[in-house]
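Student: I would like to go through the labels given to some residues and ask what each one rests on.

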Amino acid sequence: METVVFLISAAVILSGALGVIFSKNPVHSALFMVQTLFGVAVLFVLLEATFLAAIQVIVYAGAIVILFVFVITLLGVDRAEDLKVEPISGQRPLAVVLGASIFGIILTVLIVAVGGPTGEQVANTPIGDASDNTKILGEALFSTHVFSVELTALLLTVAVVGAVVLSTRPTKPLISTLDKQQNDNLEDELEEKGEE
Amino acid sequence: MSTNLLIVAFERPAIDWHAVAPEIVLLSVGVLITLLDILFLEKARPYMAALSGLGILATAIPLLTLGIDGTERVLFDGAYVVDNFSLVLKAIFLLAGYVVILLSTNYIVDGDYWESEYYGLLLASLMGMIMMASSRDLISVFVALELLSIPAYLMVAWRKRDPKSNEAGLKYYLMGVFASAVMLYGMSLLFGVSGTTVLSEIADSIDAGNGSSSVMTLGIVFVVAGFAFKVSAVPFHTWAPDVYEGAPTPVTAFLSVASKAAGFVALLALIFVGFYELSNIWEPLIWILAALSMTVGNLVALRQTNIVRLMAYSGVAQTGFMIAPLAVAGHSLSTGNQALSAIVTYLAIYAAMNLGAFAVIITLARRTGSAEIDSFSGAFHFAPGLTVAMTIFLFSLAGIPPLGGWFAKFEVFRVLATSGETWGYLLAVVAAINSVIALFYYATIARKMWADDPSEKDLNNIEVTPSLVSALAICVLVTLLFGIFPQLVARFTEVSLLAFGV
């Protein structure tokens, strides 16, 4: 039973992930991502991490991807991009070879690993009963990991501040600083000539 | 039933407030800056640089009291450790941050670059570095890494009107996120095998026999690769030249010193506390990174005409030198301790000399309006003081006695040569050849500044702002002091992480 559920959700996750990469339309990519995240949520349920499964659906699939879709449609990039341009010749075949070899290495390592990819049982057994999930996670977050949690809050604030600054349109036209300097020099020279 | 839900037995975790005092002070200053910006808007802007500088100095006070106290403090079940190693590194970060603020003051005002937000982000990034110095667990290492990287991504793109800066920001962000993803995958594999995120417990798990798992090897390789990106070691260096060139120059100085040092701290903590026993895995990896970084960095630097790009490649080469002692660190415990001291020494001296070089570049570029090396020709005629300072920094970077860089390089060679391993000797030979190549391009810049005729007609002495003068003074002082009295820096960098790991 477990194996069947795992195989089905793995197929859902992988096809979704491939869909994200290969669809020409960004909106389709975002929707494929929802599919992937749902598959991961099923895996969480399988591991009896029910709280994480719920969070996965509500936060990721629900909020974040929908935000993606909003941004994509508002920015008007909801059409296919021309991806045929190759800035460095031979880049793509090389990337395919490298990617395939790294994939091969990872696959080999995971298959030959003694005792499976997760050696220690702590890493893949449920933490307490399913109903205790939320409580145990909350306690861990606010006791042993409280420092990281607080600083993650700072991180989010920083990200918001920076995003606002960067997304505000510049008031002056886009011009390279060096060009600007040259322009200034040019203006100075013109003024000098005028004075002569 | 419903009342049961309300009574949750939760014990507040025991927190050693003295140990986290530096973090709290720095965080408070950052929050204060953001609040002042919201309340006073434009009116508060002129005071922001001074305020953040003072904030960093205030952060140094609890750091000093912790250093005088000297006891090792372990918080959160070993996830956060305040020991001599972390205190020394925190001091280096604070000093580098202070100098970067001095460098930024005029640059940011001139460019009208959102000052309050800039200093807020700078302090946040610094906060991430300070946290990194104490992190001894995969989760806090990762949070610290993101906290120091994300403000850096934003600051690189800070010159919004310049397409080059936009390009640099995007490149840095995409590559940085990719490296984080690879590293995070490695961390998840490590957690999968050992069942814990605390580094010292991972070491225990390796002792217990999990170290032979091939998954552990894969995890270590991925984590090291992730940090190799952060310290810009070849072949993960491709982002550096474009990002350094496009970013505002003070931010470049910050990236090339503080951000690099933070990557090193994490690498050192992971290797010495976590995977020290598995030296057969990480030693060859580090050896290749070190040899490639030195050689490729120096050879490409020879051909650069833009001084910021040259500093980027010289930074890659210096990374090779800094990482080299790690390649023999697993040989024995004493070699390990020596390697650690050598790297920390190098980080401290490198911070001073590289920041100094950038201070000169910023000052000269304000005048010449260009970062081409040729535009600095004959700088001696209009900026004699700066030329002397630049010569000190360049020769220090090249490793000429009696400057600081000499002692840093000497320590590296000493560790490589005394390890008694053939691979150590080989790496020492590679490093020696590279020192000569590096001297060539550093000396070329110095020669142009001293001997060539100035390209400018205007020979009035250059205007140097007070903040740049103080930045230069700090850097020159540290570079000279550490070179002439090496025992000074050696006293502070005699640190050890191995008591924990083994």
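Tutor: A helix here is a DSSP run of H or I with at least four residues, numbered from the N terminus. The model is a predicted one. In it, Lys171(B) and Glu167(B) both belong to helix H7 (residues 163-194) of chain B, 4 residues apart, about one turn of the helix.

Student: What makes Lys171(B) and Glu167(B) a salt bridge?

Tutor: The definition asks for a side-chain nitrogen of Lys or Arg within 4 Å of a carboxyl oxygen of Asp or Glu. The closest N and O atoms of Lys171(B) and Glu167(B) are 2.9 Å apart, so the pair qualifies.

Student: Why is Lys171(B) called partly exposed?

Tutor: Buried means under 20% relative accessible area and exposed means over 50%, with partly exposed in between. Lys171(B) has 30%, so it is partly exposed. Glu167(B), at 40%, is partly exposed as well.

Student: How do you know that Asp242(B) and Arg309(B) tie together separate parts of the sequence?

Tutor: Asp242(B) forms a salt bridge with Arg309(B), with 3.1 Å between the closest N and O atoms. Asp242(B) sits in helix H10 (residues 239-246) of chain B and Arg309(B) in helix H13 (residues 307-323) of chain B, so the pair links parts that are 67 residues apart in sequence. Through shared partners, salt bridges join Lys164(B), Glu167(B), Lys171(B), Asp242(B), Glu245(B) and Arg309(B) into one network.

Student: Which label, buried or partly exposed, does each partner get in the salt bridge of Asp69(B) and Arg73(B)?

Tutor: Their side chains meet at 2.4 Å, N to O. Arg73(B) has 13% relative accessibility, which is under 20%, so Arg73(B) is buried. Asp69(B) has 38%, so Asp69(B) is partly exposed. Over all chains, the search finds 11 salt bridges.

Technical notes. Residues are numbered from 1 along each chain as its sequence is written. Chains are lettered from A and ligands numbered from 1 in the order in which they are written. This is a predicted model: local features need pLDDT of at least 70, side-chain atom pairs count only at pLDDT 80 or more; totals for chains, interfaces and linings use all residues. Side-chain values use heavy atoms; hydrogens and water are left out. Buried means under 20% relative accessible area, exposed over 50%, partly exposed in between (1.4 Å probe, protein chains only). Helices (H or I, at least four residues) and strands (E, at least two) are DSSP runs, numbered from the N terminus.
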